[in-house]
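Dear colleague,

Please find the structure below. My notes on its salt bridges and on one pair of helices follow.

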Amino acid sequence: MTGNDAVLALVVTTALGFDFTNGFHDTGNAMATSIVTGALRPRVAVALSAALNLVGAFLSTAVAATIASGLVDSADVTLVVVFAGLAGSILWNLTTWYLGIPSSSSHALIGGVVGATMAAAGVSAVKWQGLVSKVIVPATLSPFIAGTVAVVGTHLVYRLTRDVSQGPRDHGFRIGQIGSASMVSLAHGTNDAQKTMGVITLALIANGTLQAGATSPIWVITSCAMAIALGTYLGGWRVIRMLGKGLIEIESPQGMAAESASAAVILSSTDFGYSLSTTHVATGSILGAGVGRKGAVVRWNTARRMAVAWLLTLPASATVGAATYWAAHGIGGTIGVVVIFIVLVLASIAFFAASRRPAVAVTPENVNEAWTGSLVPAPDAGEVAS
């Protein structure tokens with residue numbers, strides 16, 4: 001194996017690692033409301049979501065093509081650039097997951113790749129028109145579109161079922177939630193799994209393994225589908241709790257309306273090849289479901305905190321991606337990539353270990369505990385004493 005082959009292997013491994021974090025970071029987009037309303041038990045919800053993400057990954061390649069050829073000039077992209085971009089996106093994903101902020105994995109990935117490309121080849125290597133039209137505009141509009149659809153849907157379901165007693169109504173909507181949450185999971189697979197496919201394809205083009213403009217090989221599609229499904233099954237309980245409990249106190253009709261709105265917007269964007277953030281869509285839908293129910297409490301302070309994280313995602317991941325490129329390039333050659341890879345693995349282990357401390361852990365057992373204004377439920381006296 002040559003040094004270049006070793007770097008390519010590390011890039012593919014890191015890309016699949018990003019796909020894994022994408023899965024557990026975004027599980028809440030599909031399943032948070034179903035878990036909170038009791039439509040699905042937590043473990044059943046993540047298992048169902050993982051299976052449908054796996055299926056969805058095979059249904060389209062339009063978004064993968066956007067990532068592979070629509071954002072940066074592939075002639076200026078090297079394996080080190082792709083690796084640095086992935087490292088930046090993984091570190092941002094882990095940071096926001098630990099803080100329980102449902103930020104965009106997609107924007108973290110795009111920001112990391114764009115930042116590393118700018119560090120390596122300059123500003124001209126970025127296809128700014130594609131970045132604006134395919135990423136920034138959809139990112140700006142999608143929460144409002146999803147929120148508007150959810151407001152209308154929520155208003156209608158309450159109006160149409162106002163004469164139905166609450167017990168049968170809630171039971172019916174919980175069943176409906178299983179269907180709508182399944183559609184969001186399938187839609188997430190069609191959109192987010194492809195982003196990593198696009199990055200690996202970009203790396204293969206940079207290495208000369210594929211020609212410019214080539215589509216993702218089947219082994220890339222299969223490995224990405226499995227990685228995002230595995231991450232989804234792990235369940236990002238910290239983000240699930242924030243989305244399900246932190247924005248609004250959600251009821252079953254609101255949950256079904258929010259999930260249906262999310263699925264419609266994500267599937268539409270996939271068809272057009274827009275790499276939008278499923279996190280933005282899901283959050284907009286949940287907020288819309290809160291606004292659409294008369295008398296519902298919407299925690300706008302939490303929403304504003306999320307919006308700040310969304311604004312920071314692209315520049316922050318781009319900065320880390322650029323810094324990672326300079327560090328790897330400064331050390332030089334295969335050794336530079338290996339050193340950064342080891343640092344990335346150690347940082348990931350540190351985040352995981354910190355999240356498992358009893359006082360701050362969010363698990364399937366406490367994810368639905370009463371909201372106290374904090375990411376994690378207040379530990380009982382026994383947990384504090386131990």
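How many salt bridges does a search of the whole structure find? The search finds three, a salt bridge being a side-chain nitrogen of Lys or Arg within 4 Å of a carboxyl oxygen of Asp or Glu. Please note that this is a predicted model, in which local features need pLDDT of at least 70 and side-chain atom pairs pLDDT 80 or more, while totals for chains, interfaces and linings use all residues. Residues are numbered from 1 along each chain as its sequence is written, and side-chain values use heavy atoms, without hydrogens and water.

One of the bridges joins Arg169 and Asp170, with N to O at 3.8 Å; both residues are buried (under 20% relative accessible area, with exposed over 50% and partly exposed in between; 1.4 Å probe, protein chains only).

In another, the closest N and O atoms of Glu249 and Arg299 are 2.7 Å apart. Glu249 lies in the loop between H9 and H10 and Arg299 in the loop between H11 and H12, so the pair ties together parts 50 residues apart in sequence. Glu249 is partly exposed, because its relative accessibility is 37%.

Glu251 and Arg293 also form a salt bridge, at 3.8 Å between the closest N and O atoms.

As for the helices (DSSP runs of H or I, at least four residues, numbered from the N terminus), H7 (residues 166-206) and H8 (residues 218-234) pack with their axes 9 Å apart. Their contact (heavy atoms within 4.5 Å) includes His188 and Asp192 in H7 and Trp219 in H8.

With kind regards

Note on methods: Axes are lines fitted to C-alpha atoms, for helices over the stretch in contact, and angles run from 0 to 180 degrees between N-to-C directions. Helices (H or I, at least four residues) and strands (E, at least two) are DSSP runs, numbered from the N terminus.
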